[in-house]
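Please have a look at the sequence and the model first, and then we will go through the inside of it together.

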Amino acid sequence: LGGPVGAAAGAALGGGLGAQAPIRQSYKLRKKQPLAEGGKVRMAPIDGRRKALVIGVRYAGTNSQLNGTSTDALKIQKLLQQKGYSEIRGLIEGYGPAPTQAAIMDSIRWLVNGAQPGDSLFFYYSGHGSQKAAKTKGLEIDELDECIVSSDMHYILDDDLYTELVAPLPDECRLTAMFDCCHGGTMLDLPYALKRKGKPKLYLENPHTANTPADVIQFSATRDHEKGTEGMIRNERQGALTFALLKALREKSHRPSYAELLHLMRREMVKAGLERTQHAEITTSKPFDLNQRFEI
């Protein structure tokens, strides 16, 4: 796991957490292998347990304090209860156990423990995201590891998130992960990403990432090089990614596809005035058919 955040870096949390300036990726260097539009792989049906981990970190009393993360997490937790999730663990700052590094890692292990084919796992994180120089050269396109930040100011690297959250999952087990934070594009180190322009199309973006037999889908509020911000949406400070998800899942007349949900998230960011600074992304473990209906 990453070490504690230093004082200087901690003070910079609101701007992306870290003294190191974000590096804009050079997409010309990426070796992308085009797939059929929308992908061909169908996700396995959900007919098992529904289990979730919801994390909201405010960093209260620090120079890095956020204002909408805990309330966003509470909204997600309530919605999951309405959707039939009976096993939900919340690490929501100010509303129960603190989302420390130890608590987050212990809860991730709780989430994946006993996972079976047909299960649906949901992981949600709202807080600060950052980047550090990659531990291993040649595995990250931008040579940076992405990371989330616990309430006790420790980095939790993407490598560790993959090892603890993704790698243990069996075939036909579904994990939906959402990162409403800075630098979240490849937070789980999944190999497939959505084409930046045109119709929904997945590409093998990073062939160096490890493979997993599970069905894993990650939504993020930002690309790797981007800093996210809390926007004012309907007179409330909240994450656009979270708002769009809640809006989509509350809609009873139409259940969106994965591609439609991503479009809705991006549209809400435009409405919130965030489209010039951050863009919602989706990455996956396999070249899924994004025209499948979103289900958790």
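Predicted model: local features only at pLDDT ≥ 70, side-chain atom pairs only at ≥ 80, totals over all residues.

**The nonpolar cores**

Let me begin with the largest nonpolar core, which has 38 residues, and in which Phe 123, Tyr 125, Phe 179 and Leu 188 are the ones with the most contacts.

Now, which rings are linked into a cluster by ring pairs? They are those of Phe 123, Tyr 125 and Phe 179, and the structure as a whole holds five aromatic pairs. In the pair of Phe 123 and Phe 179, the ring centres are 5.5 Å apart and the planes stand at 45°, so this pair is tilted. Phe 123 is in strand 4 and Phe 179 in strand 8, 56 residues apart, and in this way the pair links distant parts of the chain. Phe 179 counts as buried, because its relative accessibility is 0%, and Phe 123, also at 0%, counts as buried too.

Tyr 125 and Phe 179 form a tilted pair as well, with 6.4 Å from centre to centre and 45° between the planes. Because Tyr 125 lies in strand 4 and Phe 179 in strand 8, that pair ties together parts 54 residues apart in sequence. Beyond its neighbours within four places in sequence, Phe 179 is in contact with a number of residues, including Ile 148, Leu 161, Met 187 and Leu 241.

Let me turn to the helices. Helix 3 (residues 101-112) and helix 4 (residues 158-166) have axes that come within 8 Å of each other and cross at roughly 35°. On the side of helix 3 the contact is made by Met 105, Ile 108, Arg 109, Leu 111 and Val 112, and on the side of helix 4 by Asp 160, Leu 161, Glu 164 and Leu 165. Taken by type, the residues of this contact are six nonpolar, no polar and three charged.

Terms used:
Residues numbered from 1 in each chain as written. Heavy atoms only, no water. Axes fitted to C-alpha atoms, helices over the stretch in contact; angles between N-to-C directions. Helix = DSSP H or I, 4+ residues; strand = E, 2+ residues; numbered from the N terminus. Contact = heavy atoms within 4.5 Å. Nonpolar A, V, L, I, M, F, W, Y, C, P; charged D, E, K, R; others polar. Core = buried A, V, L, I, M, F, W, Y, C linked by side-chain atoms within 4.5 Å. Buried < 20%, exposed > 50% of the residue type's maximum accessible area, 1.4 Å probe, protein only. Phe/Tyr/Trp six-rings, centres within 6.5 Å; stacked < 30°, edge-to-face > 60°.
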